Amino acid sequence: SKRVLGEVGKIELAMRVLEVEEKLKEASKIPKRATALEAALREAKLLGVKGPVVDAATAACDRFKASMNAVTYALEKAPETLPAAIFEGTCEGAPEDLLQQAQDRAREIGG
């Protein structure tokens, strides 16, 4: 009966892979859910899931992180880049509170 279990295991794994791919597609649509995206990516990595869905989700996650870093950097070191960073952050779904902070700072500078 070990072989039967092996088949069941394969089917369960295939189902989990599909679930993870579904999670990745959903989370990729809403970059604001970067934590959900990162969790799904970790799960995909654990299951050894590869392919275009994972690649797209990884790219979305990277863009999100880059936009967050751009906003944080603009706030702390390069206030003149705030408008561009805010635009990028808004497009990529950077956290609302961070964007609010950046907008307040930009207004202060802009007078």
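Ser 67 sits in helix α3, where helices (H or I, at least four residues) and strands (E, at least two) are DSSP runs numbered from the N terminus. This is a predicted model, in which local features need pLDDT of at least 70, side-chain atom pairs count only at pLDDT 80 or more, and totals for chains, interfaces and linings use all residues. Residues are numbered from 1 along each chain as its sequence is written, and side-chain values use heavy atoms, with hydrogens and water left out.

How accessible is Ser 67? Its relative accessibility is 0%, so Ser 67 counts as buried; buried means under 20% relative accessible area, exposed over 50%, and partly exposed in between (1.4 Å probe, protein chains only). Setting aside residues up to four places away in sequence, Ser 67 touches Glu 88, Gly 89, Glu 92 and Ala 94, a contact being heavy atoms within 4.5 Å. Ser 67 and Cys 91 are 24 residues apart along the chain, and their C-alpha atoms are separated by 8.6 Å.

## The chain as a whole

Now for the wider view. The protein chain has 5 helices and 0 strands, and along the sequence it reads α-α-α-α-α. Of its 111 residues, 29% count as buried. Take the contacts between residues at least 6 apart in sequence: 52% of them join residues at least 24 apart.

Which residues of α4 are buried? In this helix, residues 82-92, they are Leu 82, Ala 85, Ile 86, Gly 89 and Glu 92. Seen down the axis of α4, these buried residues fall within an arc of 140°, so they line one face of the helix; the arc is that of the directions from the helix axis to the C-beta atoms. There is a simple rule behind such patterns: an α-helix has 3.6 residues a turn, so residues three or four places apart point the same way.

The cover over the buried residues of α4 includes α3 and α5. On the face turned away from the buried side, α4 carries the exposed residues Pro 83, Ala 84 and Phe 87. After α4 comes Gly 93, whose phi is positive, near 80°.

Ala 70 has a relative accessible area of 22%, so it counts as partly exposed. From Ala 70 to Ile 86 there are 16 residues along the chain, and their C-alpha atoms are separated by 8.4 Å.

## Where α3 crosses α5

Helix α3 (residues 52-76) and helix α5 (residues 96-110) have axes that come within 10 Å and cross at roughly 35°. Axes here are lines fitted to C-alpha atoms, for helices over the stretch in contact, and angles run from 0 to 180 degrees between N-to-C directions. The crossing of α3 and α5 is left-handed, a term for a near helix turned anticlockwise from the far one by less than a right angle, with right-handed used if clockwise.

Which residues meet at this crossing? From α3 come Met 68, Val 71, Thr 72 and Leu 75, and they meet Leu 98, Leu 99, Gln 101, Ala 102 and Arg 105 in α5. The residues of this contact divide into 6 nonpolar, 2 polar and 1 charged. In that count, Ala, Val, Leu, Ile, Met, Phe, Trp, Tyr, Cys and Pro are nonpolar, Asp, Glu, Lys and Arg are charged, and the others, Gly among them, are polar.

Further along α5 is Ile 109. At 46% relative accessibility, Ile 109 is partly exposed. Beyond neighbours within four places in sequence, Ile 109 is in contact with Pro 79 and Leu 82. Ile 109 and Glu 80 are 29 residues apart in sequence, yet 8.7 Å apart in space, C-alpha to C-alpha.

## Glu 21 in α1

Glu 21 belongs to helix α1, residues 2-29. Not counting residues up to four places away in sequence, Glu 21 touches Val 49, Lys 50 and Val 53. Glu 21 and Glu 43 are 22 residues apart in sequence and 9.9 Å apart in space, C-alpha to C-alpha.

## Cysteines

Cys 61 is buried, with a relative accessible area of 4%, whereas Cys 91 is partly exposed at 47% relative accessibility. The model has 0 disulfides, where a disulfide is a pair of cysteine sulfur atoms within 2.5 Å.
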